[in-house]
Amino acid sequence: MTATIALVDDDKNILTSVSIALQSEGFTTRIYSDGETALKALIENPPDLAVLDIKMPQMDGMELLRRLREKSAIPVIFLTSKDDELDEALGLAMGADDYISKPFSQRLLIARIRAILRRSELSSRTAEEDGENEAMPERIVRGRLEMDPARHRVTWAGENVTLTVTEFMILESLAQRPGIVKSRDQLMDAAYTDDVYVDDRTIDSHIKRLRRKFRQVDGAFDAIETLYGVGYRFAEE
């Protein structure tokens with residue numbers, strides 16, 4: 001089935017050029033030039049992934065994502081014309097799956113879209129959808145943590161924790177081998193494919209967001225440990 005990508009940007013040239021590029025790769029696109037119109041459409045008729053500009057009048061991308069996350073966990077990639085670390089950290093903390101600064105390579109954007117969609121598809125499969133003959137990913141149980149990769153579900157001490165696809169893949173990589181330190185490069189490999197480059201700050205931002213989400217259900221959560229200069233590990237209980 002063809003994936004549908006929603007593009008939200010007040011720059012009509014970007015909307016047109018990116019839409020054409022995506023359609024040439026087999027995607028279906030929907031375009032929106034303002035956040036208010038996009039919000040209603042994204043909630044009522046969710047696409048497979050949304051690409052949001054941050055700097056827009058009336059409702060900017062940050063506010064659009066904040067309100068969208070109240071209703072939906074669809075994957076989101078941020079576009080911004082401002083190479084600002086604060087914007088990146090805030091966008092990722094609010095639930096974006098990735099972040100690309102303008103000017104950007106359309107090839108890079110398409111590669112990241114494909115990578116996120118592929119992870120989303122793998123994470124959302126159910127046994128019924130895959131058929132009886134195909135092995136399903138095993139559930140991961142590590143103390144109070146339970147992860148169901150087939151259904152993209154995570155609980156901590158029985159409480160649901162809603163994660164984006166990228167967050168899920170990073171946590172899964174850590175939880176598969178508790179006590180083993182994973183470098184940022186290893187976590188990049190787990191969460192990003194197709195030789196898509198992300199810098200260390202992106203992984204660090206995802207880790208901070210993971211901790212924040214778990215601490216919303218358990219204020220004493222400390223299972224993701226930082227080994228400064230080395231990487232991260234999931235602590236055995």
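**Helix pair α2/α3**

I started with the hand of the α2–α3 crossing, and the crossing comes out right-handed. The call is left-handed if the near helix is turned anticlockwise from the far one by less than a right angle, and right-handed if clockwise. This is a predicted model, where local features need pLDDT of at least 70 and side-chain atom pairs count only at pLDDT 80 or more, while totals for chains, interfaces and linings use all residues. I number residues from 1 along each chain as its sequence is written, and side-chain values use heavy atoms, with hydrogens and water left out.

Two packed helices are described by the angle between their axes and the distance between the axes. I looked up both: α2 (residues 35-44) and α3 pack at about 25°, axes 10 Å apart. That makes α2 roughly parallel to α3 (under 35 degrees is roughly parallel, over 145 roughly antiparallel, 65 to 115 roughly perpendicular, the rest oblique). Axes are lines fitted to C-alpha atoms, for helices over the stretch in contact, and angles run from 0 to 180 degrees between N-to-C directions. Helices (H or I, at least four residues) and strands (E, at least two) are DSSP runs, numbered from the N terminus.

Which residues meet across this pair? From α2 I noted G35, A38, L39, L42 and I43, and from α3 L64, R67 and L68. Contact here means heavy atoms within 4.5 Å.

**The sheet**

Next I traced the strand order. I get an open sheet of 5 strands, β2-β1-β3-β4-β5, with parallel pairing. Which strands stand at the edges? They are β2 (28-32) and β5 (98-101), each with a single partner strand, so one side of each is left without a neighbour in the sheet. The twist averages 20° from one strand to the next.

I then checked β1 (residues 4-8) against β2: the two pair in the parallel sense over 5 bridges. Strands pair if DSSP finds at least two bridges between them. I followed L7 across, and its bridge partner in β2 is I31. Helix α3 (residues 61-69) turns up again here, packing on the sheet and touching β1, β3 (49-53) and β4 (76-80). The direction of α3 makes about 170° with that of β4.

**Aromatics**

I count 3 aromatic pairs in the structure. Rings of Phe, Tyr and Trp (its six-membered ring) pair if their centres lie within 6.5 Å; planes under 30 degrees apart are stacked, over 60 edge-to-face, the rest tilted.

How are the rings of W156 and F221 arranged? Their centres are 4.9 Å apart and their planes at 80°, so I file the pair as edge-to-face. The pair links distant parts of the chain, 65 residues apart: W156 is in β8 (residues 153-156), F221 in the loop between α9 (200-217) and β10 (224-227). F214 and F221 are stacked instead, 4.7 Å centre to centre with 15° between the planes. Ring pairs link W156, F214 and F221 into a cluster.

For burial I read 0% relative accessible area for F214 and 2% for F221. W156 is buried too (buried is under 20% relative accessible area, exposed over 50%, partly exposed in between; 1.4 Å probe, protein chains only).

**Positive phi**

Last, I looked at two backbone angles. Q58 is not a glycine, yet its phi is near 65°, a positive value. I find Q58 in the loop between β3 and α3, exposed at 69%. A157 has phi near 55°, also positive in a residue other than glycine. A157 lies in the loop between β8 and β9 (159-160). Buried or exposed? I have A157 down as exposed, with a relative accessible area of 51%.
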